[in-house]
Amino acid sequence: MPRITFIESNGERKDVEAVVGESVMRAAIDNGVDGIAAECGGCLSCATCHAYIAEEWADKLSPPSEEEQVMVECAIDVRPTSRLTCQIPVTEALDGLVVEIPASQY
Amino acid sequence: MSQAVVREPKVYPEFTERPDHVPAELVYDVDIYNLEGAKDGPHEAWKRVQQEKPPVFWTPRNGGYWMVVKGENILEVENDAITYSMRAALVPNNPRPYPAPPMDIDPPDHSKWRILISPAFSPKAIQASEDMVRKFAIDLIEGFAPKGECEFVSGFTAVLPIVVFLTMMELPLEDREALMPHAAAIVRSPDPTKIHQARLALKDYVEQAVADRERRPREDLITKIINSKVGDEPVPRDMAVGMLALLLSGGLDTVKNLMGFSCLSLARRPELQRRLREEPKIIPHAIEELCRRHGVSNTARLVTRDTELAGVRLKAGDQIQQFSFLYGLDDATVPDPMKVDFDRPAPIPHATFGNGPHRCPGSMLAKKELQVWLEEWFPRIPEFRLKPGTRPQQDAGMVANISELWLAWDAAG
């Protein structure tokens, strides 16, 4: 199982075993990572599973769809590395991924 | 893509004859518009239905349809938006007199429409309007605080959501008086003709706003929606109008009643008030618990293919209503579900805003309105109670409602 490291807004690191095929958002929620709200449950309608993903991972992730690009702009404190984690499927290639959680989703 | 406009609503008989595929032992006379015991508390009345009736049963009232009252089956319906289409969201089953995307559009096309409105209810959009919501709430509360009493519905809950909506849409705030009765009639009236007229009135109101933007475009949501595209096609005018009318009707009576029932709980339990007053940090968590305990909205579905739910055979064309708030009130969901308990572990499970692709787009806005209310209420109002000699006016319906709630407190000075 690929390991994903979530860095919570207080700086705490949480290493989790992620399930291939599920979303990065699900990996966070199911492993008690704080700071991912996922209000809509993964339907791409709320922008509250927002997180930052280091650029060096960009080519290993599936690129954001047009709809994700619209919705990610609706999150708080958007940066160039912002993604919606419900839209990123976990693959073996993501082993070692580091995901930084923003200070607030609302 | 537009659908035909239905001019006249269908009037259903008091009782509809049981279709052949409905077993006689699954027929129960339960009327959402005249529910036994609802005037003493609709949630308690529905909880009794959940305890006493089968998970899925058929009522001959309001056109004849299935009711789903068990938590796990409610989730099953909400999460399968293809078998259970929202094209028949209201009972009795009368189509709206206008198309209402994204609600009446099934997946996979649904998401193309949903994305047109989601940004308007996103964290960023809500943050942008928060100062205004707060200022308005403070003005209302400070208006009645010195009096030592208020009628919370007309004085607060009926006003705040509509002002929030009008502000977000950049519509004149003075329009609220004219809009409120129509919004209430749509979800509360069992009379199809009245519902039909109220829907047309809201649609006419939105149509005027659209016509205004067509003449003078602005930097606002209405202009954005009428100029938007679905795929490569411009959104047809009637679809844009219908979508805006749906947003308008969806955000009014719902937040109002969620807030009203939550306040009734607090008025009856001073210890809950003390917690929120002394520990304002728990307010967001407390709101999840209040949402679980006091969900208000329940939408119906159209069964699109023969299927089975809780062992009951459903036929394509049947209508089925799932009671979203009964998921959070099911003993299988949380222990002691009828009790408001701010110490439940997070996340507090509930389906108050639904699930799946049709989940309420305004849930974050609704919670923000509750948060602002509680944060601004406690610094200004001392311990409050039901005003002696008054009785909260409650009832069931498509939206469980509380239409009058008198509160009293010891005014300073």
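**Notes on the model**

1. Helix 11 against helix 15, chain B. The crossing of helix 11 of chain B and helix 15 of chain B is right-handed. Bear in mind throughout that this is a predicted model. The two axes, of helix 11 (residues 253-268) and helix 15 (residues 363-377) of chain B, come within 10 Å and cross at roughly 40°. Helix 11 of chain B contributes B:T254, B:V255, B:L258, B:M259 and B:S262 to the contact. From helix 15 of chain B come B:A366, B:E369, B:L370 and B:W373. By class, the contact of helix 11 with helix 15 of chain B holds 6 nonpolar, 2 polar and 1 charged residues.

2. Helix 13 against helix 15, chain B. Helix 13 and helix 15 of chain B pack at an angle of about 120°, with axes 10 Å apart. Helix 13 of chain B is therefore oblique to helix 15 of chain B. This crossing of helix 13 and helix 15 of chain B is right-handed. On the helix 13 side of chain B, the residues are B:I283, B:P284, B:I287 and B:L290. They meet B:K367, B:L370, B:Q371, B:L374 and B:E375 of helix 15 of chain B. The class count for this contact of helix 13 with helix 15 of chain B is 6 nonpolar, 1 polar and 2 charged. Note B:L370: it is listed in the contact with helix 11 of chain B and in the contact with helix 13 of chain B.

3. Burial of helix 13, chain B. Helix 13 (residues 283-293) of chain B is mostly covered, with 8 of its 11 residues buried. Among the buried residues are the charged B:E288, B:E289, B:R292 and B:R293. B:A286, B:I287, B:L290 and B:C291 are buried too. What covers these buried residues? The cover includes helix 11, helix 12 (270-278), helix 14 (324-328) and helix 15 of chain B.

4. Helix 8 against helix 10, chain B. The axes of helix 8 (residues 192-215) and helix 10 (residues 237-250) of chain B come within 9 Å and cross at roughly 120°. That makes helix 8 of chain B oblique to helix 10 of chain B. The crossing of helix 8 and helix 10 of chain B is right-handed. Helix 8 of chain B supplies B:L202, B:K203, B:V206, B:E207 and B:V210. Helix 10 of chain B supplies B:A240, B:V241, B:L244, B:A245, B:L248 and B:S249. The contact of helix 8 with helix 10 of chain B divides into 8 nonpolar, 1 polar and 2 charged residues.

5. Backbone points to check, chain B. The peptide bond from B:P101 to B:P102 is cis, with omega near 0°. B:P102 sits in the loop between strand 3 (84-85) and helix 3 (110-117) of chain B. A cis bond also joins B:A346 and B:P347, with omega about -10°. B:P347 is in the loop between helix 14 and helix 15 of chain B. B:N62 has a positive phi, near 50°, and is not glycine. B:N62 lies in the loop between strand 1 (56-59) and strand 2 (65-68) of chain B. Is B:N62 buried or exposed? It has 25 C-beta neighbours inside 10 Å, so B:N62 counts as buried. B:E170 also has a positive phi, near 55°. Its loop runs between helix 6 (160-168) and helix 7 (176-188) of chain B. With 14 other C-beta atoms within 10 Å, B:E170 is partly exposed.

6. Chain A overall. Chain A has 2 helices and 5 strands. Their order from the N terminus is β-β-α-β-α-β-β. Of the 106 residues of chain A, 40% count as buried. Among chain A contacts between residues at least 6 apart in sequence, 65% join residues at least 24 apart.

7. A:G11 lies in the loop between strand 1 (3-7) and strand 2 (13-17) of chain A. A:G11 counts as exposed, because it has 6 C-beta neighbours inside 10 Å. A:G11 and A:E100 are 89 residues apart in sequence, yet 9.0 Å apart in space, C-alpha to C-alpha. The contact between the chains takes 17 residues from chain A and 17 residues from chain B. On the chain A side, these are 11 nonpolar, 4 polar and 2 charged.

Methods:
Residues are numbered from 1 along each chain as its sequence is written. Chains are lettered from A and ligands numbered from 1 in the order in which they are written. This is a predicted model: local features need pLDDT of at least 70, side-chain atom pairs count only at pLDDT 80 or more; totals for chains, interfaces and linings use all residues. Axes are lines fitted to C-alpha atoms, for helices over the stretch in contact, and angles run from 0 to 180 degrees between N-to-C directions. Helices (H or I, at least four residues) and strands (E, at least two) are DSSP runs, numbered from the N terminus. A crossing is left-handed if the near helix is turned anticlockwise from the far one by less than a right angle, and right-handed if clockwise. Two residues are in contact if their C-beta atoms, placed from the backbone, lie within 7 Å. A residue is buried if 20 or more other C-beta atoms lie within 10 Å of its own, exposed if 12 or fewer, and partly exposed in between; C-beta atoms are placed from the backbone. Angles under 35 degrees count as roughly parallel, over 145 as roughly antiparallel, 65 to 115 as roughly perpendicular and the rest as oblique.
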